[in-house]
Amino acid sequence: MTSASAPGKIILFGEHAVVYGRPALAAPVMQVHTNVDISNSARPGVWIESPNIGLQAELNSLPSDHPIASVINRLFSHWRVSPLPNLEIKITSTIPVAAGLGSGAAVTVALLRALSLHLNRPMTDKEINALAFEIEKLHHGTPSGIDNTVITYAKPVYFVKGRPIETFIVGAPFTVVIADTGISARTKESVGDVRKLWESDKTKWEEVFDEIGDISKRARRAIESGRIRELGELMNRNHILLRELTVSSIELDTLVSAAREAGALGAKLSGGGRGGNMVALTEPDLAEAVSGSLREAGAKNVIVTRVRSWISSSLN
Ligand code: PMV
């Protein structure tokens, strides 16, 4: 049997503006992950089991645009594999779906990695990332590519669409609390709505994107030199700009306020918005109090994670 995994991710700064070429910062979240196990099978066909989404099916019985089928078909056609081998593929994940933690990209990356290992056709991270981006485009319209990049490399990433991947040093590791509104929201929709806004007044929204991009640049410098307090203020400002972009919601604003009132240094929504997760920066000794307040304010799930430069991982 061959196994591979991929972590979740959190966008710290710059979502939405990143679609318009501005930089964004994201980090892996190793507390949640997707695992893929592949074994050869006596049963003809490629059988896929994914208990999280109640899936048990043979590849050919799935629609060609099915997120899992499209990864497998894309890879096999990339390699020109025919006829297909007989395989059992099991996908399990602890990453909440449609919550801005990169569940879809993690399935794609873990699946590509497991298939490449199992079929003995090693792929570099660069190749996996490029193919994962192709798959993201099939399902998300005009993605920036940040999800597949941070998940493939499993390192904090300073991301600018279309540019080679840049990781950055975390001067002093810091703690973030991630809380889920429990509301599933489609990134494609919020990205589409932001596009409509932008089309209605490009000058105005370009200025907002510029300011968000500037926040990402300043946040990178603050992280590199370990100026954590400054990061909190930047998060708060980034949240205000995301609200202007109409991608926050009452539930996200409630969690953001609850985190700040409990002593977080700053907080903002994370990812596509409208639902999904928010992220708060906190001193480590306040993480528990902030988590408790977030739960009281309605969070359905809370994850505490440390952002650091180097992450030991068994990936690859
Ligand atoms: O909802 P998520 O976590 O997949 O993040 C989407 C981030 C956006 O900037 C809104 C879109 C993108 O493709 O970068």
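An oxygen atom of the ligand lies 2.8 Å from a polar backbone atom of His16. A polar contact here is a pair of N or O atoms within 3.5 Å; within protein, one must be able to donate a hydrogen and the other to accept it, and residues adjacent in sequence count only if both atoms are side-chain atoms. The protein buries 92% of the 380 Å² that the ligand exposes when taken alone. Accessible areas come from the Shrake-Rupley method with a 1.4 Å probe, and for residues only the protein chains shown count as cover.

This is a predicted model: local features need pLDDT of at least 70, side-chain atom pairs count only at pLDDT 80 or more, and totals for chains, interfaces and linings use all residues. Residues are numbered from 1 along each chain as its sequence is written, and side-chain values use heavy atoms, with hydrogens and water left out.

**Ligand site**

- The side chain of Ser144 places an N or O atom 2.5 Å from an oxygen atom of the ligand.
- Asp147 has a polar side-chain atom 2.9 Å from an oxygen atom of the ligand.
- There are 15 residues around the ligand, and Lys9, His16, Ser144, Thr187 and Gly272 come nearest. A residue is near a molecule or strand if one of its heavy atoms lies within 4 Å of it.
- Strand 1, helix 4 (146–153) and helix 5 each supply at least two residues of this shell. Helices (H or I, at least four residues) and strands (E, at least two) are DSSP runs, numbered from the N terminus.

**Backbone exceptions**

- Most residues other than glycine have a negative phi, and most peptide bonds are trans.
- His16 is not a glycine, yet its phi is positive, at about 70 degrees. His16 sits in the loop between strand 1 and strand 2.
- His16 is buried, at a relative accessible area of 5%. Buried means under 20% relative accessible area, exposed over 50%, and partly exposed in between (1.4 Å probe, protein chains only).
- Asn120 also has a positive phi, near 55 degrees. Its loop runs between helix 2 (103–118) and helix 3 (125–140). Asn120 is exposed, with a relative accessible area of 66%.
- The Ser82 to Pro83 peptide bond is cis, with omega near -5 degrees. Pro83 belongs to the loop between helix 1 (67–79) and strand 5 (87–93).

- The whole structure holds two aromatic pairs. Rings of Phe, Tyr and Trp (its six-membered ring) pair if their centres lie within 6.5 Å; planes under 30 degrees apart count as stacked, over 60 as edge-to-face and the rest as tilted.
- Tyr20 and Trp198 form a tilted pair, because their ring centres are 5.1 Å apart and their planes stand at 55 degrees.
- Tyr20 lies in the loop between strand 1 (2–13) and strand 2 (24–40) and Trp198 in helix 5 (residues 187–200), so this pair ties together parts 178 residues apart in sequence.
- Tyr20 counts as buried at 13% relative accessibility, and Trp198 does at 15%.
- Tyr20 and Phe209 are stacked, because their ring centres are 4.4 Å apart and their planes stand at 15 degrees.
- Phe209 is in helix 6 (residues 202–224), so its pair with Tyr20 ties together parts 189 residues apart in sequence. Phe209 is buried, at 0% relative accessibility.

**Charges over rings**

- The charged end of Arg43 sits over the Trp47 ring, 4.0 Å from its centre. The criterion is NZ of Lys or CZ of Arg within 6 Å of the ring centre and within 35 degrees of the ring normal.
- Arg220 has its charged end over the ring of Tyr158, 4.5 Å from the centre.

**Asp180 and Thr181**

- Asp180 is part of strand 8, and Thr181 lies in the loop between strand 8 (174–180) and helix 5.
- Asp180 is buried at a relative accessible area of 8%; Thr181 is buried at 6% relative accessibility.
- A polar side-chain atom of Thr181 lies 3.1 Å from the backbone nitrogen of Ile183. The Thr181 side chain also reaches the backbone oxygen of Gly276 at 2.9 Å.
- Beyond four places in sequence, Thr181 contacts residues including Glu251, Leu252 and Lys300. Contact means heavy atoms within 4.5 Å.
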